[in-house]
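Hi there,

I am passing a structure on to you, and I hope you enjoy looking through it. Please open it alongside this email.

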Amino acid sequence: MAQNTVEKTPVTLLGLGAMGTALARTWLAAGHPLTVWNRTPAHATALGAEGAGAADTAAEAVAANTLVVVCLLDDASVDEVLAGTDLADKDLVNLTTSTPAQARARAEWARERGARYLDGGIMAVPPMIGVPEAGGYVFYSGSPELFERHRQTLGVPLGTTYVGEDAGFAALHDVALLSAMYGMFAGAAHAFALIHKEDIDPAALAPLLADWLVAMAPAVHQTADQLRSGDYTTGVVSNLAMQVAGTPTFLGTAEQQGVSPELLSPYFELMRRRLAEGSGEEDLTGVIDLLVH
């Protein structure tokens with residue numbers, strides 16, 4: 001057992017919020033030597049009692065190991081924490097939520113300081129860390145060699161999905177999936193609002209709503225196929241003209257129920273605009289063209 005522990009890749013982790021602490025504990029449980037640092041020393045001290053090395057400064061933590069993982073509040077925090085640290089010949093993995101542009105700039109920033117760089121987008125919440133059956137994973141982008149070198153270590157807390165050499169692609173995939181999630185939440189919020197004042201148990205609607213969303217989810221594959229081919233009319237079940245004709249029913253129901261249509265109206269307006277361009281036989285895919293500037 002001791003030999004296996006020695007062979008595990010040592011990790012430095014900067015940032016011990018809920019996510020960082022969960023990451024730290026999975027690496028410790030797997031036998032990886034771990035050095036941690038946090039702005040609030042008590043967080044690092046607590047992990048020190050569990051076997052981590054608690055560094056007094058970020059610079060000391062960075063110096064301890066080649067693999068340095070950063071999980072902080074935002075991109076500005078990365079600047080503040082890594083200022084004054086020596087990143088030469090370090091493998092820097094940034095799991096801090098950022099925009100694609102920030103990730104690309106951070107990759108260049110790291111290169112200028114002599115570091116190799118991977119950006120990551122975490123598709124999980126802290127309770128999913130270290131629980132493979134929960135299905136969480138991390139998007140990674142940047143140096144493919146660096147990803148392969150540390151794939152096993154990075155895969156200890158969560159699954160890994162490499163999405164390309166462009167350092168901004170992990171953040172882009174992350175935000176794309178989360179944007180779809182918020183769209184789903186918006187639709188669910190509108191659905192619950194419609195019944196909120198009626199004698200309908202929301203707990204009874206919930207499984208019906210969940211099952212319906214699951215049933216509709218495969219439609220994303222057809223959308224992807226249509227975008228690749230440029231043909232938005234293949235495989236259409238309910239065309240744009242038919243769906244636009246049905247929108248007054250949704251808006252009228254919202255008005256009758258005393259519910260604001262503001263979560264649905266922008267999408268319906270895009271549908272009407274696309275129809276006005278003479279694309280009535282299309283699927284809803286054409287709306288995407290209106291969104292892209």
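This is a predicted model: local features need pLDDT of at least 70, side-chain atom pairs count only at pLDDT 80 or more; totals for chains, interfaces and linings use all residues.

Residues are numbered from 1 along each chain as its sequence is written, and side-chain values use heavy atoms, with hydrogens and water left out.

**The chain**

The chain has 13 helices and 8 strands. These are DSSP runs numbered from the N terminus: helices are H or I with at least four residues, strands E with at least two. The C-alpha trace spans about 65 × 45 × 35 Å along its principal axes. Of the 293 residues, 39% count as buried, meaning under 20% relative accessible area with a 1.4 Å probe and protein chains only (exposed is over 50%, partly exposed in between).

**The core**

A nonpolar core is a set of buried Ala, Val, Leu, Ile, Met, Phe, Trp, Tyr and Cys residues joined through side-chain atoms within 4.5 Å. The largest one has 29 residues, and Leu 13, Leu 34 and Leu 95 have the most contacts inside it. Among the elements that give two or more residues to this core are strand 1 (11-14), strand 2 (34-37) and helix 7. Helix 2 provides the largest share, 6 residues.

**Aromatic rings**

You can find 5 aromatic pairs here. Rings of Phe, Tyr and Trp (its six-membered ring) pair if their centres lie within 6.5 Å; planes under 30 degrees apart are stacked, over 60 edge-to-face, and the rest tilted. Why is the pair of Tyr 140 and Phe 147 tilted? The ring centres of Tyr 140 and Phe 147 are 5.7 Å apart and their planes are at 40°, so the pair counts as tilted. Phe 147 also pairs with Tyr 162, and that pair is stacked, at 5.0 Å centre to centre with 25° between the planes. This second pair links distant parts of the chain, 15 residues apart: Phe 147 is in helix 7 (residues 144-154) and Tyr 162 in strand 8 (residues 159-162). Phe 147 is buried, with a relative accessible area of 2%, whereas Tyr 162 is partly exposed at 28%. Ring pairs join Tyr 140, Phe 147 and Tyr 162 into a cluster.

**Pockets**

A pocket, found on a 1 Å grid over the protein atoms alone, is an open set of points with protein on both sides within 12 Å along at least five of seven lines; lining residues have an atom within 4 Å of a point. Grid points are joined across faces, edges and corners, and a volume is the space filled by probe spheres set on the points.

The largest pocket has a volume of about 2,300 Å³. It is lined by 40 residues, and the closest to its centre are Gly 183, Leu 213, Met 216, Tyr 267 and Leu 284. Helix 8 gives the largest share of that lining, 9 residues. The lining divides into 27 nonpolar, 12 polar and 1 charged residues; here Ala, Val, Leu, Ile, Met, Phe, Trp, Tyr, Cys and Pro count as nonpolar, Asp, Glu, Lys and Arg as charged, and the others, Gly among them, as polar.

The second largest pocket holds about 280 Å³ of space. Of its 14 lining residues, Met 19, Cys 71, Leu 72, Leu 95 and Thr 97 are the closest to its centre.

Happy exploring!

Definitions and conventions:
On a 1 Å grid over the protein atoms alone, a cavity is a set of points where a 1.4 Å probe fits but cannot get out, and a pocket is an open set with protein on both sides within 12 Å along at least five of seven lines; lining residues have an atom within 4 Å of a point.
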